[in-house]
Amino acid sequence: MPGASAPTVGLDIGTSAVRAAQVTRSRAGLKLVSFGQAALPQGAVVDGEIRDAGAVSQAISQLWKRVKIRSKKVILGIANQRVVVRQIELPFLEEKEFRASLQFQVADHIPMPVDSAELDYQIIDDYSDKDGQRMMRVLLVAAASEMVESFVETASAAGMSPAGVDLAPFAIARAVSPNARGESGAAGAEAVVDVGATVTNIVVHHNGEPRFVRILLVGGDDATASLAKDLDVPFEEAEAMKLDLAHGVGTEEMKNLISGRVDNLVNEIRGSVDYYLSQENSESISSVVVTGGGSLTPGFTERLGQVLHSDISRGAALVDMNTKKSGLTDEQIAEVEPMAAAAVGLARA
Ligand SMILES: Nc1ncnc2c1ncn2[C@@H]1O[C@H](COP(=O)(O)OP(=O)(O)OP(=O)(O)O)[C@@H](O)[C@H]1O
Ligand SMILES: [Mg+2]
């Protein structure tokens, strides 16, 4: 049957671009077969949601043509405010029973009508509460069906065959952390933070078991917008100024504006990490991995390290792969790597 065994391509629909990655696995290891991105016009994707489906599907079609990706079987990533991930506590049930009554069990725990939500879950543990009742802890994912549909329809309109949808923060953690893939054990928990243009994804996991997820509407574009507003220049010009600043070129005023936005970004991340740590079953965080274009904002990693009292390492989504087949030079690989995590993680599911 043609296409039945077509390889799966990870497709990340971000604010600044759509990105596709195809990864194969053989005895020789992982191979990046193709990677490409196509810029999106401003307003096509806002806060992680598709606003202009036509512009997004056009960008996807162009990307497939340009990069010559043969397979159209895609896995899509989702990260926006219409998907929530919550840790909930319920009286213990055998998994089979829990699955059968999932909608009923979780209805009171999600901020959307349960019959218009896509649900997924992971059982974290079971324990006895102070009255001796057996309880279970579940990490619940609930996504508005209509929003998920908009991703599937947009990809389909570009001629793709969507084979699945995954939470982008999970894909990102898989891409940049061997520990999140369960390849190496560690004491304590690890936080993986992806700072995009307007969305910041945080996952805290313990040896690959996700314990906490937050999707925040902050990102690298906040710094650009602040420069544009205060210096009264167009967004594109402010973006160029920001990139110059990353190379040390710019005025004190610009540096102060950026550092104000970096403080805000870092405080938001700290708020989420504090919330995780305040949960009863949390583990202390022993490592922090960052990725995403917004994590390149001047001063970000230093400030995050100070505030979280932790060393910060930069995630490398392409480090364990042979990238020759992709046709990208080593320089290009290094340049796209921070922006590639979601697509690569989706591809290596
Ligand atoms: N070299 C750099 N220095 C500083 N900032 C950068 C650099 N490269 C990219 N950025 C910033 O990174 C952000 C884009 O990151 P990324 O491509 O990861 O986001 P996205 O996936 O398109 O958006 P989102 O994940 O928010 O939907 C922009 O704000 C951009 O200005
Ligand atoms: Mg992104």
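Reply: Start with a definition. Helices (H or I, at least four residues) and strands (E, at least two) are DSSP runs, numbered from the N terminus. This is a predicted model, where local features need pLDDT of at least 70, side-chain atom pairs count only at pLDDT 80 or more, and totals for chains, interfaces and linings use all residues. Residues are numbered from 1 along each chain as its sequence is written.

Me: Where is His-309 placed?

Reply: His-309 is in the loop between α9 (300–308) and β15 (312–314). Its phi is near 50 degrees, a positive value in a residue other than glycine.

Me: Why does His-309 count as exposed?

Reply: A residue is buried if 20 or more other C-beta atoms lie within 10 Å of its own, exposed if 12 or fewer, and partly exposed in between; C-beta atoms are placed from the backbone. His-309 has 8 C-beta neighbours inside 10 Å, so His-309 counts as exposed.

Me: What makes Asp-47 partly exposed?

Reply: Asp-47 has 15 other C-beta atoms within 10 Å, so the in-between class applies. Asp-47 sits in the loop between β4 (45–46) and β5 (49–50). The phi of Asp-47 is also positive, near 50 degrees.

Me: Why is Met-339 called buried?

Reply: Met-339 has 23 other C-beta atoms within 10 Å, and the cut-off is 20 or more, so Met-339 is buried. Met-339 belongs to helix α10 (residues 330–347).

Me: Which residues does Met-339 touch, not counting residues up to four places away in sequence?

Reply: They are Arg-19 and Gly-293. Contact means that the C-beta atoms of two residues, placed from the backbone, lie within 7 Å. Asp-194 is 145 residues from Met-339 in sequence, yet 9.1 Å away in space, C-alpha to C-alpha.

Me: What makes a nonpolar core, and how many residues has the largest?

Reply: A nonpolar core is a set of buried Ala, Val, Leu, Ile, Met, Phe, Trp, Tyr and Cys residues joined through C-beta atoms within 7 Å. The largest has 92 residues. Leu-11, Ala-21, Ala-340 and Val-344 have the most contacts inside it. Val-344 touches residues including Gly-10, Ala-21 and Val-23.

Me: How do you know that β1 and β6 pair?

Reply: Two strands pair if DSSP finds at least two bridges between them. Three bridges join β1 (residues 9–13) to β6 (residues 73–78), so the two strands pair, and they run parallel. Leu-11 stands opposite Leu-76 in β6. Both strands belong to an open sheet of six, in the order β10-β6-β1-β2-β3-β16, with mixed pairing.

Me: What makes β10 and β16 edge strands?

Reply: Each pairs on one side only.

Me: How do you know that β8 and β9 pair?

Reply: They share 11 bridges, and at least two are needed, so they pair, in the antiparallel sense. Tyr-121 stands opposite Leu-140 in β9. The open sheet here has three strands, ordered β7-β9-β8.

Me: Which domains is the protein divided into?

Reply: There is domain 1 (9–81 + 145–179 + 316–347), domain 2 (83–144) and domain 3 (180–314). These bounds come from an automatic or database domain assignment. The centres of domain 2 and domain 3, taken over C-alpha atoms, are 30 Å apart.

Me: How many residues of domain 2 are in contact with domain 3?

Reply: Seven residues of domain 2 are in contact with eight residues of domain 3. β7 gives the most to this side of domain 2, with three residues.

Conventions:
Chains lettered and ligands numbered in written order.
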